Amino acid sequence: VDDEGETTYKRITSNQIMGSIQLGIQYAVGGLASKPERDLLIQDFMTVETKVFTCDGANLTPAHRFPQFSFKIYAPIAFRYFRDVFGIQPEDFMFSFCNAPLRELSNPGASGSIFYVTDDDEFVIKTVTHKEAEFLQKLLPGYYMNIVQNPRTLLPKFFGLYCYHCNSKNIRLVIMNNLFPSWIEIHEKFDLKGSTFKRQASPAERDKALPTFKDLDFMEMHQNGIILTPDMYDALCKTMERDCRVLESFKIMDYSLLIGIHILAKSSEACGEVVGTSNGVTVVPDVASTSSKNKKRHLYHTTVMESIDKRVSNQDTIRNSSGGIPAKSDKGEHVILFIGIIDVLQSYKLMKKIEHTVKSMFFDSDTISVHRPDFYATRFLNFMTKTVFHKSDTGQVPTTSSHK
Ligand code: ATP
Ligand code: CA
Ligand code: CA
């Protein structure tokens, strides 16, 4: 944040970055319209297109009020293909980015990345380091081989990789799916890794209206975890296991499970519907349709229910159009969960080796969050399947925690 109270990144104001990104993406997506659809070729992952945006405008770029910049578009054809896999029409993508100004989110992370979200809350834009962008570029063919084979995944979906260049500064950006819908209020948020070392929200974070809590906070706030129906629990665990194996195969670590919790009792007046349990299953009112911002997401396979391959059938007692997972807190509250794996661009191979050796000389190497990818995945899964999520067989809240 600069003297005038405006956020800057690499000394460039957010306004300038956001405005320029919008122009860049408009060009990137609009320009693709002239290129016919075709099957992906391996070189499509390597192509980079650069466009200069002069202030006065040019043949294909409009005049603008920002300093001249250039915009690099990584693997444009490949990302078009991925957007298509997830049902994102070019005009919808463009509309999300260009119809209204982007919003900046406050980032609880230590990395200093900046997050923006599109006005319709569909997409999140994150600034990434040179190393992370390079890693994503290399990862792309393999990562998407996994995702396209199996779109039912909690892994982040990347819809674009760009580099904004101005005044000899580079700002690299990835576009991802936003895990939290805008029309449902999130009451609690957790960023969990399965590590306990320094995994507690800072006092400054706790002061925020919606803090992002961490592992130690979770264990304190939900001593008996979150209770799911058996089939929901199984589907979620199976998906997390498969996803962790994919991450492990790329030697990725340091990722988190992001959980947003909507507590139904806190929105009951907005819904005006009876909430109860039937056979231990949370009956979820149609939160989305009673909300003022009533709209459907146009992305495919991106709600968490779809991600773990649980489609809500008509016979089901669960009525839930929010796309979240119905569950119960350890306090017996009915909740809806929004879940995804985030921050997957750290490769052990590339940058963690040195850090690990140095840290393990000073700390107990089992509790530090930087560790071998297989150890990381195993510990992550162990924490999620035993401490965070619990299977209900009786509909009753368990009285003892398995994590002791
Ligand atoms: P770190 O210091 O952990 O490296 P970072 O800058 O790499 O942080 P992330 O860990 O990717 O950032 O994300 C930080 C926070 O931003 C998360 O805890 C979460 O609150 C929010 N966030 C990240 N990705 C998403 C997403 N796809 N949808 C919604 N919120 C997100
Ligand atoms: Ca992180
Ligand atoms: Ca990170």
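These legends describe close-up views of one predicted model.

**View 1. The protein as a whole.**
The predicted model contains 12 helices and 18 strands. Of its 404 residues, 37% count as buried. Among the contacts with a separation of 6 or more, 70% are accounted for by residues 24 or more positions apart.

**View 2. An open sheet of 7 strands.**
The strands of this open sheet are ordered β3-β4-β8-β9-β7-β6-β5, and their pairing is antiparallel. At the edges stand β3 (48-53) and β5 (103-105); each has a single partner strand, so one side of each is left without a neighbour in the sheet. On average, neighbouring strands of the sheet are turned by 25° against each other, direction ignored. Strands of a sheet pair through backbone hydrogen bonds, either parallel or antiparallel.

**View 3. Strand β7 and its surroundings.**
Strand β7 covers residues 123-128. It is largely enclosed by the rest of the structure, because 6 of its 6 residues are buried. F123, I125 and T127 point one way from the strand, while V124, K126 and V128 point the other way. On both of these sides the residues named are buried.

**View 4. The two partners of β7.**
Strand β9 (residues 169-177) pairs with β7 in the antiparallel sense over 6 bridges. Within this pairing, V124 has M176 as its bridge partner, and I125 stands opposite I175. Strand β6 (residues 115-117) is joined to β7 by 3 bridges, and these two strands also run antiparallel. The strands β6 and β7 form a hairpin with 5 residues between them. In the turn, D121 has a positive phi of about 65°.

**View 5. Helix α4 across the sheet.**
Helix α4 is made of residues 130-149. The helix lies across β4 (69-74), β7, β8 (158-166) and β9. Its direction is at about 140° to that of β8.

**View 6. N170 in strand β9.**
N170 is found in strand β9. This residue is partly exposed, with 13 other C-beta atoms within 10 Å. Leaving aside neighbours within four places in sequence, N170 is in contact with C163 and H165. K72 is 98 residues from N170 along the chain, and the C-alpha atoms of the two are separated by 9.9 Å.

**View 7. Helix α2 and the elements around it.**
Helix α2 runs over residues 76-85, and its buried residues are P76, A78, F79, R80, F82 and R83. These buried residues pack against helices α1 (14-32), α3 (90-98) and α4 and against strands β3, β4 and β8. Just after the helix, G87 takes a positive phi of about 70°.

**View 8. The contact of helices α1 and α3.**
The axes of α1 and α3 come within 9 Å and cross at roughly 170°. That angle makes α1 roughly antiparallel to α3. On the α1 side the contact is made by Q22, I25, Q26, V29, G30 and L32, and on the α3 side by P90, F93, M94, F97 and C98. The residues of this contact divide into 8 nonpolar, 3 polar and no charged.

**View 9. Strand β13 between β10 and β17.**
Strand β10 (residues 188-192) is joined to β13 by 5 bridges, and the two run antiparallel. Strand β17 (residues 334-342) is joined to β13 by 8 bridges, again antiparallel. G260 of β13 takes part in both pairings: K189 stands opposite G260, and F338 is the bridge partner of G260 in β17.

**View 10. Residues of the largest nonpolar core.**
In soluble globular proteins, nonpolar side chains tend to be buried together. The largest nonpolar core of this model has 87 residues. Those that touch the most other members are I125, L228, L236, I259, I325, L337 and I339. Not counting residues up to four places away in sequence, I325 touches L228, M232, L236, V304, M305, I336, L337 and I339. I125, also listed for this core, is one of the buried residues of β7.

Conventions:
Residues numbered from 1 in each chain as written. Chains lettered and ligands numbered in written order. Predicted model: local features only at pLDDT ≥ 70, side-chain atom pairs only at ≥ 80, totals over all residues. Pairing = 2+ DSSP bridges. Helix = DSSP H or I, 4+ residues; strand = E, 2+ residues; numbered from the N terminus. Axes fitted to C-alpha atoms, helices over the stretch in contact; angles between N-to-C directions. Contact = placed C-beta atoms within 7 Å. Buried ≥ 20, exposed ≤ 12 C-beta atoms within 10 Å, placed from the backbone. Core = buried A, V, L, I, M, F, W, Y, C linked by C-beta atoms within 7 Å. Parallel < 35°, antiparallel > 145°, perpendicular 65-115°, else oblique. Nonpolar A, V, L, I, M, F, W, Y, C, P; charged D, E, K, R; others polar.
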